[in-house]
Each structure stands twice: as structure tokens, then as C-alpha cells.
Number of protein chains: 2
Amino acid sequence: MSKALERRQKQREDLLAAADNMIAAAGLAGLKTRDLARRIGVANGAVYNLVEDVDDLVLRVGSRTLSRLDAALTAVEAAGDASPVDKLSRIAVAYCDFAAENTGLWRALFEHRVQPGKDVPEWYIAQQMELFQHIHGPLVVLFPKRSAVELGVLARSLFSAVHGIVTLGLEQKFVAVPLDVLRREVARIVRAMVNGIVLEEKAEA
Amino acid sequence: MSKALERRQKQREDLLAAADNMIAAAGLAGLKTRDLARRIGVANGAVYNLVEDVDDLVLRVGSRTLSRLDAALTAVEAAGDASPVDKLSRIAVAYCDFAAENTGLWRALFEHRVQPGKDVPEWYIAQQMELFQHIHGPLVVLFPKRSAVELGVLARSLFSAVHGIVTLGLEQKFVAVPLDVLRREVARIVRAMVNGIVLEEKAEA
């Protein structure tokens with residue numbers, strides 16, 4: 001690799017790390033490219049030699065967050081044998097913990113909108129979709145007869161339900177609850193939902 | 001009532017109706033008090049003779065939205081006899097429909113933050129809490145032995161789960177689904193959750 005390319009890559013990493021810290025500390029609203037340029041020691045305009053635009057910057061930070069979330073979910077899955085229902089419940093609690101520990105970065109995943117007229121890039125959507133594999137795995141074991149499309153819908157519903165409980169719980173707007181209560185609720189609701197769906201399937205059979 | 005007081009009350013109603021329309025059309029970000037003043041035919045500063053500040057204005061519009069939501073939920077409850085599980089499921093679908101039909105006003109309920117250092121007024125919190133009665137009623141029938149606190153936590157979890165599914169479903173960010181699929185999913189997940197909790201209680205007994 002040429003020296004120039006190497007330096008550019010180093011600057012790009014510094015930029016993403018700095019943007020990551022900024023969003024972690026103050027959310028999307030706290031992201032100022034001028035301050036970023038100063039922090040990594042480049043001229044204002046030079047930031048846009050490293051990323052395409054602010055959307056690209058935020059999505060690349062989002063990608064780092066998704067990777068970290070993926071690692072956190074993988075870690076709890078590796079934590080020993082468990083029934084599929086237990087696995088889903090653990091994954092949901094790990095999601096809750098991740099959100100509580102990385103609130104700024106996690107919120108940014110949902111608050112960010114790309115500029116009107118632009119599309120979210122394919123690579124980013126693919127990375128989001130990959131995360132659903134964590135939910136998909138246990139669901140296939142529980143519901144072997146359901147099609148991939150049906151399991152996809154179910155995985156999204158489970159995720160959205162847990163996301164709703166975690167979001168309103170952490171926001172303490174409608175649902176002011178301490179974290180340990182929130183974790184218990186998340187585990188309980190996931191168990192109840194999945195057991196309820198198992199029950200429904202038995203009734204249909 | 002004095003003529004002056006009457007006129008002031010009429011202007012206040014006009015102001016709230018205009019703000020309601022504005023938020024319905026363009027969300028919280030579309031609310032411009034200068035435009036509001038023009039629409040109701042008062043001077044710029046005169047808006048603040050009618051409401052305390054922007055927070056007060058948004059909360060009063062929010063109160064109108066909550067009243068409409070209350071009416072929508074009451075209407076489906078009155079739509080004939082149903083088991084408690086069916087009632088909860090109908091209420092959740094009605095919530096989904098309300099969000100789909102009043103997206104701007106509904107989003108504003110969750111996006112609005114009062115200015116730092118200020119508290120959300122008691123009357124507004126009380127109105128929010130009253131809405132939980134719709135969920136609480138069927139839950140008392142299903143779980144007569146549970147305490148009011150336990151049922152309160154459960155009501156909030158059910159609401160948050162449904163809210164998550166509706167929010168991500170309507171946003172079409174993570175979960176792009178047509179409204180009829182979303183309604184079916186909401187109904188199914190509520191049934192599954194509640195049946196799952198009934199099952200759990202039987203297992204504990």
C-alpha cells in the first residue's frame with residue numbers, strides 16, 4: 001500500500017472512531033463535522049475526502065454499532081446450552097443491556113434518516129438483515145414447518161415488540177422502570193409470546 | 001361570560017385547531033408559531049396570551065390526540081361481546097389503525113420533549129394513565145389474583161410491545177409491511193403474549 005493511501009486509511013479510521021465517540025456522548029444531534037475535523041487534525045472540507053457525506057459517516061458509525069451488537073448477541077448464544085425459548089429470551093435481554101449501555105449509538109440507528117431522495121445503501125441493509133439470524137435460528141427449531149417468509153415476519157414482530165419495550169422502558173416517558181425490572185419484563189414477554197405461538201400452532205394442528 | 005373572555009376562548013380553540021392541523025400535516029417539525037398567529041389572525045406575540053409557551057401548545061394538542069385515541073378505543077370496546085383476549089387484540093388493532101390514520105399527531109405524542117428543567121404537567125400524565133384503563137380492564141378479568149402493581153407493569157409491557165410493532169411497521173425502516181399484514185401481526189402477537197402469560201400462570205399454580 002502507498003504511504004498516501006495508508007495515511008488516508010488511518011485518517012478514515014480516526015474519523016469514524018471520533019464520530020462514534022461523539023454520537024455515544026451526545027447522540028446524532030451532537031455530531032458536528034467541524035469538531036470532527038479538528039479532533040482528527042484535518043481541514044474542514046477534508047472530512048469529505050474520507051466519507052461521501054454526513055449520511056455515509058452516520059451509516060458507517062451505525063455499521064460499527066451493528067457489529068458490536070452482533071458480537072454481544074453471539075456472546076450470549078455461546079454461553080451454554082439452552083432451549084430455543086431460553087435462547088430467544090437471552091438474546092432479548094442482551095439487546096436490552098446493549099441498548100442501556102450504548103444508548104446514544106443505539107438510538108442513532110433508529111433516528112437517522114438519509115437525505116430525501118437517497119436510498120440506504122445495500123451493504124447497510126444486508127448487515128441489518130444479518131442480525132435477524134440470531135432470532136431466526138431458534139425460531140427454525142421451534143417452528144420447523146413454517147416457511148422462511150413466515151419466520152421472517154415472526155422474527156420481525158418479536159424484535160419490534162422487544163424493541164418497543166426496551167425503547168419506552170429506557171426513555172422513561174411512558175414506562176419508568178429500573179433496568180433490572182425491564183430485563184425481567186423483556187425475558188418474560190419473550191417467553192410468553194413464543195409459548196403463546198407454540199400453543200396456537202398446537203391448537204391449529 | 002364577558003365578550004373579551006369569550007373572544008379569547010374562541011381564539012384559543014382556533015389556535016389549538018390550527019396547531020393540530022399543522023402537526024397532522026407536517027409533524028412537530030412543521031409547527032411554526034408565526035404561521036399559526038397568521039392563520040388565526042392575531043399578532044405574533046399574542047399566541048402567548050393564549051398558551052403559556054410552545055410546550056403548553058404541543059401538550060394541549062397532544063391532549064386532543066389522546067382524547068381521540070380514547071374515543072377510538074372506546075368505540076371498539078362497545079362493538080359487541082368478546083373474551084378478554086379478543087378485547088385486548090381489538091384494542092391493539094384499533095391502536096394500529098389510529099397510528100396509521102393520524103401518523104403526524106400520534107408520532108408527536110412520543111417525539112415531543114418538554115424543555116429541559118420543566119416537568120410534564122400532572123393533568124397530562126393523568127390523561128395518559130387513563131388510557132391504560134382500556135388494557136387494564138380485560139387484564140383484571142384474566143388475572144384476578146394479580147395485584148394492581150403487577151397488572152400495571154403487564155399493561156405497560158403489552159402496550160410497549162404493540163407500540164414497537166406498530167412504530168417499526170409504519171416507519172417501514174426495519175419492517176416494511178402493508179397495513180393489513182401489520183394489523184394481523186398485531187392481533188396475533190397480542191393473542192400469543194396473553195395466552196402465553198395465562199399458560200405461565202397455570203404452570204405456576
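1. The expected span of a helix is 1.5 Å times one less than its number of residues, where helices are DSSP runs of H or I with at least four residues, numbered from the N terminus. Helix H1 of chain B (residues 3–26) has 24 residues and should therefore span 34 Å; its end C-alpha atoms lie 34 Å apart, in agreement.

2. This is a predicted model, in which local features need pLDDT of at least 70 and side-chain atom pairs count only at pLDDT 80 or more, whereas totals for chains, interfaces and linings use all residues. Residues are numbered from 1 along each chain as its sequence is written, chains are lettered from A and ligands numbered from 1 in the order in which they are written, and side-chain values use heavy atoms, with hydrogens and water left out.

3. The buried residues of H1(B) are Leu15(B), Leu16(B), Ala18(B), Ala19(B), Asp20(B), Met22(B) and Ile23(B); buried denotes under 20% relative accessible area (1.4 Å probe, protein chains only). Their cover includes helices H2 (33–40), H3 (47–50), H4 (54–77) and H6 of chain B. Just after H1(B), Gly27(B) adopts a positive phi of about 75 degrees.

4. Turning to the interface, 32 residues of chain B are in contact with 32 residues of chain A, contact meaning heavy atoms within 4.5 Å. The area buried between the two chains is about 3,100 Å², with carbon and sulfur atoms giving 65%; this is the accessible area (1.4 Å probe) lost on putting the two parts together, summed over both.

5. Two salt bridges are counted between chain B and chain A, each being a side-chain nitrogen of Lys or Arg within 4 Å of a carboxyl oxygen of Asp or Glu. One of them joins the side chains of Glu171(A) and Arg113(B), at 3.2 Å from N to O. On the side of chain B that touches chain A, helices H6 (103–111), H7 (122–131), H9 (148–171) and H10 (179–204) of chain B each supply at least two residues. H9(B) gives the most, with twelve residues.

6. Which residues does Ala161(A) touch, not counting those up to four places away in sequence? They are Met193(A), Ser160(B), Ala161(B) and Ile165(B). Ala161(A) belongs to helix H9 (residues 148–171) of chain A and is buried, with a relative accessible area of 0%. Between Ala161(A) and Glu204(A) there are 43 residues of sequence separation and 24 Å in space, C-alpha to C-alpha.

Notes: Buried < 20%, exposed > 50% of the residue type's maximum accessible area, 1.4 Å probe, protein only.
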